[in-house]
Amino acid sequence: MSKKTASVNYGLEKIFSGAQDFLPLLGTDYVEFYVGNAKQAAHFYKTAFGFQSHAYRGLETGATDAVSYVLTQDKIKLMLTTPLHSKSSINNHIVKHGDGVKVIALWVEDARKAYEETTKRGAKSYKKPTVEKDEFGEVVSAGIYTYGETVHLFVERKNYKGTFLPGFQKWESDYNPPTAGLKYIDHMVGNVGWNQMNKWVKFYEDVMGFVNFLSFDDKQIHTEYSALMSKVMSNGNGRIKFPINEPAEGKKRSQIEEYLDFYEGAGVQHIAIATDDIVKTVSQLKANGIEFLSTPPEAYYKAVPGRLEEHNHELKEDIEKLKSLGIMIDADEEGYLLQIFTKPLEDRPTLFFEIIQRMGAKGFGAGNFKALFESIEREQEKRGTL
Ligand code: FE2
């Protein structure tokens, strides 16, 4: 698609300079996955993605309902949780959705205020403000529901000096594989059902004070077979970005529909993780056995120099190297970005990771949507779900 067809709003700082941000967010605190076997999942995310052992909660620490492993890599914190018996409510989530994201925890200065401001604007409560303490201090957390069964937890940790959260102990492991250069979460994308995108855009605007930063309609995001619509929501300081997708009518089944069918509802589609050296990161992930979507065709790479020239940017990386790894390139006025997408990380074709390196560009790879979706459709074809 051409940049001219997307509606772009890069003026977030200006918008918020005169307005009161009623929900100041300091960043992403952690992301919690509910999984069928957290011990084995933790091994996978350490081995394959270079995450490091950080904190643990389980039978040994007095937890009787569920066990959680917390992994870190630079600023990213990933929690993997499994129920310890059949009566845990976590089972229902896993039976329905398979492994997936339950909690997107947001780091705040004041969790009670975050809860009050969002619930009074209509958010459905998940957890009332709760204080948890141990010898390292206290953490206040409170939660609200977003799309599907996904939750935003507000975490206030200014009076806490422990490893992670009260109830967790430091997880010391003898197995410490090298990191993969993953730095921070750039954005997290939600898939919602038919005609639900604008409802959730309004939720992020009204309840959380976000702004609609970029929009793409189905005329811009489509292939020969399928289509989707997407709107990118950002909080006031731009640290949190949540694109929201919904399926659109096409000749065949949209990848968003495939997700909704297999996740059995709305949920997190992908987590985009930033790196400073995508060539090194992706080479390492491939060596660790991570599978990525197939490389775009030759014609795609032939068009790249022209796309960069159009915006007067010069590619610093070797294009042959990018091609050999299947890394895609997109450009806008401010710079370019490099990105690649893994295949789904579990057996259901649901959650996947994006690896992204920003070289000035603030977009989401709209110029790559067509090539990307054709690649996803080749996978859907193999699964018989196109
Ligand atoms: Fe993305």
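Predicted model: local features only at pLDDT ≥ 70, side-chain atom pairs only at ≥ 80, totals over all residues.
**The domain interface**

- On the contact count, 40 residues of domain 1 meet 37 residues of domain 2.
- Together the two domains bury about 3,000 Å², and 67% of that is on carbon and sulfur atoms.
- For polar links, there are 13 residue pairs in polar contact across the interface, both residues at pLDDT 80 or more.
- Salt bridges between domain 1 and domain 2 come to two.
- Glu264 and Lys96 form a salt bridge, with 3.8 Å between the closest N and O atoms.

**Domain 1's side of it**

- Several elements give two or more residues to the side that touches domain 2, among them the helices α2 (38-49), α3 (90-97) and α4 (111-120).
- Strands are in on it too, including β2 (27-34), β6 (100-107), β8 (137-145) and β9 (151-156).

**The iron site**

- The iron ion gets its protein donors from His187 (NE2), His270 (NE2) and Glu354 (OE), at 2.0 to 2.2 Å.
- If you want to spot the donors along the chain, look for the spacing H-x82-H-x83-E.
- His187 belongs to strand β11 (residues 182-191) and Glu354 to strand β18 (residues 352-359), so to speak a link between distant parts of the chain, 167 residues apart.

How values were computed: Residues numbered from 1 in each chain as written. Heavy atoms only, no water. Contact = heavy atoms within 4.5 Å. Buried area = accessible area lost by both parts, 1.4 Å probe. Salt bridge = Lys/Arg side-chain N within 4 Å of Asp/Glu carboxyl O. Polar contact = N/O pair within 3.5 Å; in protein donor to acceptor, adjacent residues only side chain to side chain. Helix = DSSP H or I, 4+ residues; strand = E, 2+ residues; numbered from the N terminus. Donors = N, O, S within 2.8 Å, 3.2 Å for Na, K, Ca; no water.
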